[in-house]
Amino acid sequence: MKKLKPDKQGYYGEFGGAFVPEMLYPNLYELQEQYESILQNSSFQEEFKSLLRDYAGRPTPLFFSKNLSKHFNAQIYLKREDLNHTGAHKINNAIGQVLLAKRLNKKRIIAETGAGQHGVATATACALLNLDCTIFMGEVDIDRQKPNVERMRILGAKVVAATSGSKTLKDATNEAIREWINNPVDTHYVIGSVVGPHPYPDMVAQFQSVISQEIKQQLKEKTGNGHPDYIIACMGGGSNAIGAFYHFIDNGKTKLIAVEAGGEGVYSGKTAATIALGKKGIIHGSKTYLIQTEDGQIVEPHSISAGLDYPGIGPVHSYLHDTGKAQVVNVTDQEALDAAFHLSKLDGIIPALESAHALAYLHKMNLKERDVIVINLSGRGDKDMLTYQKFV
Amino acid sequence: MNRIESLFKKKQNGILSIYFTAGFPQLNDTLSVIRNLEESGVDMLEIGFPFSDPLADGPVIQHSSFKAIENGMTLTLLFEQLKDARQHTQMPLVLMGYMNPVLQYGEKNFIKKCKEVGIDGVILPDMPLDYFERELNSVFLENDILNIMLITPETSEKRIKYIDQLSKGFVYMVSSNSITGGKNNMDLQTNYFSRINNMRLKNPTLTGFGIRDHQTYKTACQYSNGAIIGTAFIQHIAEHGVEKNSIQSFIKKLRK
């Protein structure tokens, strides 16, 4: 297995890097210099792994879905990230980064959140590890994800409304970065996806790579072969996707499929399908594909799922796409909703709207009976009940 | 000689540079703002081209950027507006903005176009140093456009020296580790200012971020060759418009 690592400046091919104002340089430099050695440190790994096991509930099951397999006439497995503590894969990275922040002697954590899943995960890790926590969330998202706002507050975090720009995830990220500029010494910024300047994409990918590590082992135990034919994951920034792909990249067998949010359709003007529409540029300090106007203004995306409502993707995914190592597709809001209801009735699992995008792609594939497919079920649907109620 | 270098040759103290967002408050205000600032005795101008996600800016410049984009400002249009600027002013002109609009315009085209309309320098706060050195330094040199870079209180001595070596024109000394429009107390930064002073950089320095009135302007001038004012000026024209009298009285109050 070849490990997917960026170069010293944080580039995957031409994507990545650290396009940030000088005010952020010292913070990033500190991280760039130290993250690898902290992550490799055996006492760090021990602490991280024991919290993932005893606190987050890992390993999460790899569930062979007889019902889906029968329906699609293939061998379909669900990686149950929805069974993690706090309800999604986000906790893997939140625990990792908060532990790292402690080793850097930081006193305070800030983070952005869209749907609130990363915010809740970060607030949870901060409660557990006793660090002060502030979460930035777009004003619009605060309104549409109320239960998660309350969860963060109960966990002791301060939730700050991002009122700039379009008041969603992209702006919450801007506000978190500005807050970090203003507090460079005692604060660590926990980015929730494989986006942002180097070393975030690599660091977050490493924390999430536990997903594919487990898939490989569990699949081997169940079938005798650890390498599936397909891995399918939804993609906003791309943290659950890279986590599910990580140990299968370049293995000569597994096709990696990332499913973006097509919104109301790629050409409807209401979409978050970055690869379908995006051009190369810079968003949040990283060179990658993003949806933008001809003169380089970032366009506000749309998706029914707040977690996929982001105009860029992580630089590693731009690289995987351009080199053909992964395939990027998209499904619409409606297709995701249908897939969510389908799984709920078929298997008794209500998935998050984000994860429903990965499931929806099954309907578009030409599968063979022997094909082994792993869907990364990145989160559970509790947070989406208000949306589901409207469409059921 | 580049107009920025000429300015610092002839004047070492109390230089005043004003930043404003092109296309704000009205789309076609650019040339009137330039003219009225020149007639108010300003030494240099930084013309901001707007970006939808200005990471290093506080609410005032964020707002002027959004408004400018809404008004229809683009880099292409700004260059069109600046086409005749050199018939009106011989002041040094600097373009300032984020990398993404420049990437879409084409980095090399951007620098060439700067040269063509008579721009003297460029500030791209989110352009990494190593990227500049590797990809763009030679294009800047060929076109005699100066790349102006920022240092902050947290920038290490080693890095300041590296930035000074790579810089031409002046070094932009950010007064405190903050986004633009901060209300920090300049007196608390005097240690940092003296530290930079004692390093005897090859370039002159201008202090910016948080300079907003006569007092802060004076402090900045005491420790560097002058000051850059953005947020306070934008707030002024947002409230009082871009008329000559109003701009003149703003500048006069600053300098006293």
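This is a predicted model: local features need pLDDT of at least 70, side-chain atom pairs count only at pLDDT 80 or more; totals for chains, interfaces and linings use all residues.
In chain A, salt bridges with shared partners connect A:Arg58, A:Lys79, A:Glu81 and A:Glu214 into one network.

A further salt bridge of chain B pairs B:Arg255 with B:Asp43, and the closest N and O atoms of this pair are 2.7 Å apart. Here too, distant parts of the chain are linked, since B:Arg255 is found in helix α12 (residues 244–255) of chain B and B:Asp43 in the loop between α2 (30–39) and β2 (44–48) of chain B, 212 residues apart. B:Asp43, with a relative accessible area of 11%, is buried.

In chain A, the side chains of A:Lys5 and A:Asp202 likewise form a salt bridge, at 2.8 Å from N to O. This pair joins the segment before β1 (11–12) of chain A, where A:Lys5 lies, to helix α9 (residues 200–208) of chain A, which holds A:Asp202, and the two residues are 197 residues apart. A:Lys5 is partly exposed, at 34% relative accessibility, while A:Asp202 is buried, with a relative accessible area of 1%. Over all chains, the search of the whole structure gives 34 salt bridges.

Another aspartate, A:Asp141, is located in helix α6 (residues 139–144) of chain A. A:Asp141 is buried, because its relative accessible area is 1% and the cut-off for a buried residue is under 20%. The side chain of A:Asp141 reaches the backbone nitrogen of A:Leu169 at 3.4 Å. When residues up to four places away in sequence are not counted, A:Asp141 touches A:Thr113, A:Gly114, A:Lys167, A:Thr168 and A:Leu169.

Turning to the interface, 33 residues of chain A are in contact with 36 residues of chain B. Between them, chain A and chain B bury about 2800 Å², of which 57% is on carbon and sulfur atoms. On the side of chain A, the residues that lose the most area to chain B are A:Glu22, A:Met23 and A:Arg178, which together account for 24% of what that side buries. Two salt bridges are counted between chain A and chain B, and A:Glu22 takes part in a salt bridge with B:Arg159, their side chains meeting at 2.7 Å from N to O. Across the same interface of chain A and chain B, 17 residue pairs are in polar contact, both residues being at pLDDT 80 or more.

The side of chain A that touches chain B draws at least two residues from each of α1 (25–40), α8 (169–182) and β11 (279–283) of chain A. The largest share, seven residues, is supplied by α8(A). By class, this side of chain A comprises 15 nonpolar, ten polar and eight charged residues.

As to confidence, the model scores ipTM 0.95 and pTM 0.96. Chain B has an average pLDDT of 95, and 100% of the residues score at least 70.

Note on methods:
Residues are numbered from 1 along each chain as its sequence is written. Chains are lettered from A and ligands numbered from 1 in the order in which they are written. Side-chain values use heavy atoms; hydrogens and water are left out. Contact means heavy atoms within 4.5 Å. Buried area is the accessible area (1.4 Å probe) that two parts lose on being put together, summed over both. A salt bridge is a side-chain nitrogen of Lys or Arg within 4 Å of a carboxyl oxygen of Asp or Glu. A polar contact is a pair of N or O atoms within 3.5 Å; within protein, one must be able to donate a hydrogen and the other to accept it, and residues adjacent in sequence count only if both atoms are side-chain atoms. Helices (H or I, at least four residues) and strands (E, at least two) are DSSP runs, numbered from the N terminus. Ala, Val, Leu, Ile, Met, Phe, Trp, Tyr, Cys and Pro count as nonpolar, Asp, Glu, Lys and Arg as charged, and the others, Gly among them, as polar. pLDDT is the predictor's confidence in each residue, from 0 to 100. Buried means under 20% relative accessible area, exposed over 50%, partly exposed in between (1.4 Å probe, protein chains only).
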